[in-house]
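Here's a quick briefing to read alongside the model. Have the sequence and the 3D view open, and let's walk through it.

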Amino acid sequence: MEIRIMVRQNGSIEYLPGTGQAIPPKDRPGCHTNTVPEINLRDAREDALLASRAELIRAARITMAGQLAASIVHELRQPLTSIVSHGGASLRWLDKNPPEIEEIRAGLREMIQEAERAGHIMRSLEALTTNSTPAMNRIDLHETIRYTLLMAKNKFEKHGISILLFLDAEAACVQGDQVQLQQVLLNLVTNAVDAMSNIITRPRLLSISTSHPDADHIEVCIQDSGDGIAEEAKDKLFDAFYTTKEGGMGMGLAISRSIVDAHHGYLKVTANKTHGSVFHMILPVFDSGREPVSAA
């Protein structure tokens with residue numbers, strides 16, 4: 001047995017481990033012998049270790065809470081910015097004489113759609129951070145790409161980005177969460193635009209293509225004509241809070257890889273042959289008759 005006892009004047013706790021053996025009844029009935037060795041500090045060290053572990057767990061929870069907060073800020077920035085933009089435009093249409101009612105209606109419809117998208121993002125992030133299974137549905141990846149480009153249209157016009165589409169994959173349907181995959185594509189497209197925003201010596205081209213690396217998968221390649229990614233940054237690019245952009249939060253690619261992983265896919269980056277980088281998103285092709293084949 002082990003006896004927990006307060007033995008020092010300062011109130012510190014020590015432990016007395018004891019061992020015993022019963023004495024045969026014929027010698028001294030009802031008696032036993034005990035051996036109590038020197039005070040053993042092993043258990044005190046174990047208590048200190050347990051306390052350290054508890055502190056590490058608490059610190060990890062705080063870190064996770066910070067990561068979740070950063071994720072929410074990062075992912076909601078786009079729809080909230082769009083809501084403010086459409087709201088301001090609607091007020092300007094309202095101030096005209098006479099007011100442009102149809103333009104105001106269109107702006108309000110856009111605001112409602114963006115607010116709904118923000119709600120979907122929140123629910124998707126909640127599912128992602130609680131390890132819940134994504135809401136898997138049959139999704140046409142080509143349609144999702146086109147819709148994502150429509151959402152980013154203002155960015156393309158602002159930075160003078162030309163779009164090249166090569167949607168050549170014959171089987172473009174995947175099984176996944178529509179909002180989460182849209183967020184991945186929007187993150188990758190936005191990063192590509194940012195990478196080209198300061199380019200003045202060559203055209204700013206964003207190329208998106210789809211193909212089949214094998215019969216079971218579809219690959220989406222998002223290629224820009226920026227300056228590319230430094231070699232020392234490639235290994236850390238998908239780490240949380242690592243960023244190569246001034247004022248960046250370092251959450252977009254970490255979230256994107258988590259989402260793609262949850263869809264049995266894989267996300268990687270390579271250097272473009274001429275200028276810039278290519279992000280590759282590989283996902284299992286939809287097949288109602290069997291489980292998704294992992295791309296890892």
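This is a predicted model: local features need pLDDT of at least 70, side-chain atom pairs count only at pLDDT 80 or more; totals for chains, interfaces and linings use all residues.

**A buried threonine, and what surrounds it**

- The T210 side chain gets to within 3.1 Å of a backbone atom, the nitrogen of D168.
- Setting aside residues up to four places away in sequence, T210 touches H142, I145, F166, L167, D168, A169, I218, E219 and V220.

**The largest nonpolar core**

- This core has 38 residues, and L206 and I222 are the ones touching the most other members.
- Helix 5 gives the largest share, with nine residues.
- As for I222, leave out residues up to four places away in sequence and you'll find it touching L185, L188, V189, A192, L206, S207, I208, S277, V278 and F279.
- As a general background point, nonpolar side chains in soluble globular proteins tend to be buried together.

**T148 in helix 3**

- Here's another buried threonine: T148 has a relative accessible area of 1%, and it lies in helix 3.
- Its side chain reaches back to the backbone oxygen of T144, at 2.8 Å.
- Beyond its neighbours within four places in sequence, T148 is in contact with Q182, L185 and L186.

**How helix 3 packs on helix 5**

- What angle do helix 3 and helix 5 make where they pack? It's about 55°, with the axes 9 Å apart.
- Helix 3 and helix 5 are therefore oblique to each other.
- Their crossing is right-handed.
- On the helix 3 side, the residues at the meeting point are T144, I145, Y147, T148, L149 and M151, and they meet Q178, Q182, L185, L186 and V189 of helix 5.

**Helix 7 and just beyond**

- Which residues of helix 7 (residues 252-262) are buried? They're G252, L253, A254, I255, S256, I259 and V260.
- Just past the end of helix 7, look for H264, which takes a positive phi of about 60°.

Key:
Residues are numbered from 1 along each chain as its sequence is written. Side-chain values use heavy atoms; hydrogens and water are left out. Buried means under 20% relative accessible area, exposed over 50%, partly exposed in between (1.4 Å probe, protein chains only). Helices (H or I, at least four residues) and strands (E, at least two) are DSSP runs, numbered from the N terminus. A nonpolar core is a set of buried Ala, Val, Leu, Ile, Met, Phe, Trp, Tyr and Cys residues joined through side-chain atoms within 4.5 Å. Contact means heavy atoms within 4.5 Å. A polar contact is a pair of N or O atoms within 3.5 Å; within protein, one must be able to donate a hydrogen and the other to accept it, and residues adjacent in sequence count only if both atoms are side-chain atoms. Axes are lines fitted to C-alpha atoms, for helices over the stretch in contact, and angles run from 0 to 180 degrees between N-to-C directions. Angles under 35 degrees count as roughly parallel, over 145 as roughly antiparallel, 65 to 115 as roughly perpendicular and the rest as oblique. A crossing is left-handed if the near helix is turned anticlockwise from the far one by less than a right angle, and right-handed if clockwise.
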